[in-house]
Amino acid sequence: MSSEASGKKMGLVGLTVLVAVNMMGSGIIMLPASLAQVGAISLLSWVVTALGAMCIAYTFAKCGAFCKRSGGMSAYSEEAHGKSSFFISSYTYYVCLVISCVAIAVSAVGYIKPFIPWLDTPMHTFYGVVAILVLTMVANFGGAKITGQISSVTVWGIILPVFGLSVIGWWWFDPQTFLSAWNPHHDTTMHSVSSGIALTLWAFLGIESAGANSDAVENPERNVPLAVLFGTGFAAIVYIMSTTVIQGIIPNAELAQSTAPFGLVFAKMFSPMVGDIVTLAAVIACIGSLLGWQFTNAQVSKAAADTNLFPQIFAKTNKAGAPIPGMLIMLALELVLAVMTISPDLVNQFNALLNLAVFVNMVPYILSMTGLEVMLRKNMVTQSQYRLGATVGTLAVLYSIYGVYACGADAVFGGTILTLLGYIFYGFIAARDTKEEMQAHAK
């Protein structure tokens, strides 16, 4: 490789920052309020999730290094489980992102509430969610370039407050406030940790995209896994520090009821005006993040349609390359879900969506990560490399299964129904492919 070509590629530090920033989008902004319902004991959930996320990150980094086919998690899962798992991974990831987009819109409405008090009723909250979903979807009609430019700027609206709180918030930290919030419901440690696992795991969703930039990285075999581990570790530290600080500044009962926890803590630390600025920045970050996820999901369905696994309507694009018909179908599904989750309690609404999204996303996670052993064998790695990859991959899968358990019975029940529906769709696809093969043989 020439030195000029190498100079244009991303180094370890640059990729580490990219991984951390991608992961620390809008997933964190409602979590302090959600975790307050568990208590400060959720700190233990963060520790467990951080270790599990590191295993998942390493596994996806290795999968990305060994599997050069397009399709991401779907392609990884096909290595071990065949063509049907390619479809089920694509389908469940698509469903997960539909749910996640609604959850992010709910977060944005929660942060807008201090400025628009009439959003306080369930129906008005629903109208706000619909408006944000429509706005971000229409904004994507301009194509990938515009979406990327907006998202890369807006994401800092939440990263800077969260990182800043992790550093300076300790000046306002009261150990007594933190300790009094430790286990407000007096549950067992195991139950409390499990209750917080699904919430904390939500903050790391997107980890699967960490190895997607290997073509633009110097020495990807070494740097991609390292950047993924360092980036995930950095994000974990910031997550743990920021949520711990909040629980030591805001009384637990007040925090559990907040719809804009980061705005609340900055208002208490400095002034209501500073709190309002942070709240507005979080709204902008939320909308920018939602813009990116809406586009990502449209591309997931387009890629599946390009391989004849989704209906061809998802593959049709406008001049800017945006798959408009697929976007409109996705918007319709999001609006149906928003209707189904109308709740008088916005935090509970967010938590229900979060648990369902985490469960559904664990399906492609588990299918794809169990493909690593096959890829290791195909690439004829050394026995020690195989043992390391297989061990870490197995730990990642076991943690993902624990994440499924932690989502609760309602999320597992609903998510299982959604997943099984996918097999109905695949039955028609398999029948179509069989017919085409029979016709080809007849010729």
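Mentor: A residue is buried when its relative accessible area is under 20%, exposed when the value is over 50%, and partly exposed in between (1.4 Å probe, protein chains only). This is a predicted model, in which local features need pLDDT of at least 70 and side-chain atom pairs count only at pLDDT 80 or more, while totals for chains, interfaces and linings use all residues. Residues are numbered from 1 along each chain as its sequence is written, and side-chain values use heavy atoms, with hydrogens and water left out.

Trainee: Why does Gly326 count as buried?

Mentor: Its relative accessibility is 2%, and the limit is under 20%, so Gly326 is buried. Gly326 belongs to helix 16 (residues 324–340); helices here are DSSP runs (H or I, at least four residues), numbered from the N terminus.

Trainee: Why does His186 count as exposed?

Mentor: His186 has 71% relative accessibility, and therefore counts as exposed. It sits in the loop between helix 10 (175–180) and helix 11 (189–202). Most residues other than glycine have a negative phi.

Trainee: What makes Met380 exposed?

Mentor: The relative accessible area of Met380 is 73%, against a limit of over 50%; hence the label exposed. Met380 lies in the loop between helix 18 (372–378) and helix 19 (383–406), and its phi, near 50°, is positive.

Trainee: How do you know that Lys378 forms a salt bridge with Glu79?

Mentor: A salt bridge requires a side-chain nitrogen of Lys or Arg within 4 Å of a carboxyl oxygen of Asp or Glu. The closest N and O atoms of Lys378 and Glu79 are 2.7 Å apart, and the pair is a salt bridge. This pair links distant parts of the chain, with Lys378 in helix 18 and Glu79 in helix 5, 299 residues apart. Lys378 is exposed at 56% relative accessibility, whereas Glu79, at 18%, is buried.

Trainee: What makes the side chains of Asp433 and Lys83 a salt bridge?

Mentor: They meet at 2.6 Å, N to O, and the rule asks for a distance within 4 Å. The pair joins distant parts of the chain: Asp433 in helix 20 (residues 409–442) and Lys83 in helix 6 (residues 83–112), 350 residues apart. Asp433, at 13% relative accessibility, is buried, and Lys83, at 37%, is partly exposed. Lys83, Arg432 and Asp433 are linked in a network of salt bridges.

Trainee: Why is Asp306 called partly exposed?

Mentor: Its relative accessible area is 47%, a value in between the two limits, so the label partly exposed applies. Asp306 forms a salt bridge with Lys302, with the closest N and O atoms 3.0 Å apart. Both residues lie in helix 15, 4 residues apart, about one turn of the helix.

Trainee: Why are helix 14 and helix 15 described as they are relative to each other?

Mentor: Their packing angle is about 155°, with the axes 7 Å apart. Axes are lines fitted to C-alpha atoms over the stretch in contact, and angles run from 0 to 180 degrees between N-to-C directions. Angles under 35 degrees count as roughly parallel, over 145 as roughly antiparallel, 65 to 115 as roughly perpendicular and the rest as oblique. Helix 14 and helix 15 are therefore roughly antiparallel.

Trainee: What makes Phe270 partly exposed?

Mentor: Phe270 has a relative accessible area of 44%, which falls in between the limits. This residue lies in the loop between helix 14 (261–269) and helix 15 (272–306).

Conventions. Helices (H or I, at least four residues) and strands (E, at least two) are DSSP runs, numbered from the N terminus.
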